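Okay everyone, thanks for coming. Let's get the structure up on the screen and walk through it together.

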Amino acid sequence: MTRRRAPRPASAGLRAALDRAAPRTPLAAAQAAWEEVVGERIAAVAQPATERDGTLVIECDDPVWAQELDLMQADLVARLSERIGEPAPKAIRFRPKDA
């Protein structure tokens, strides 16, 4: 008689499936890491929208957020680079959603 193994948590399998299904683009990598890198409060008002030639464009709820985050650009690029590695942007541009 063989012994049955204990059930394993489904979370590891789900996470692996999501990782395989996610697009492998710099934008997708930045979007996946964004909230962890900037925190919940900033992620609620600023989201990665596009990426082109190594520049990530973040759409902000208003111009004040765009200006504030622009001042933090170097730190945010460094944090994204540390978190996602090679696909990290070389620069970030911030713009209000209305622009």
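**Starting at the hairpin**

So, look at the hairpin of β1 and β2: there are 2 residues between the strands, and aspartate 53 takes a positive phi near 50°. Before I go on, a word on what we're looking at: this is a predicted model, where local features need pLDDT of at least 70, side-chain atom pairs count only at pLDDT 80 or more, and totals for chains, interfaces and linings use all residues. Residues are numbered from 1 along each chain as its sequence is written, and side-chain values use heavy atoms, with hydrogens and water left out.

When I say helix or strand, I mean DSSP runs, H or I of at least four residues for helices and E of at least two for strands, numbered from the N terminus. Strands pair if DSSP finds at least two bridges between them.

β1, residues 46-52, pairs with β2 in the antiparallel sense over 6 bridges; glutamate 51, for one, has leucine 56 in β2 as its bridge partner. β2 and β3 run parallel, again joined by 6 bridges, and there isoleucine 58 is partnered with phenylalanine 94 in β3.

Put together, that's an open sheet of 3 strands, order β1-β2-β3, with mixed pairing. β1 and β3 are at the edges with a single partner strand each, so one side of each has no neighbour in the sheet. On average, neighbouring strands are turned by 30° against each other, direction ignored.

What packs on this sheet? α2 does, touching β1, β2 and β3, and its direction makes about 165° with that of β1. α4 packs on the sheet too, touching β1, β2 and β3, at about 165° to the direction of β3. Those angles run from 0 to 180 degrees between N-to-C directions, using lines fitted to C-alpha atoms, for helices over the stretch in contact; contact means heavy atoms within 4.5 Å.

Last stop, the inside. The largest nonpolar core has 21 residues, and Trp34, Ile58, Ile92 and Phe94 have the most contacts inside it. α2 gives the largest share, 6 residues. A nonpolar core here is a set of buried Ala, Val, Leu, Ile, Met, Phe, Trp, Tyr and Cys residues joined through side-chain atoms within 4.5 Å, where buried means under 20% relative accessible area (1.4 Å probe, protein chains only).

Note on methods:
Buried means under 20% relative accessible area, exposed over 50%, partly exposed in between (1.4 Å probe, protein chains only).
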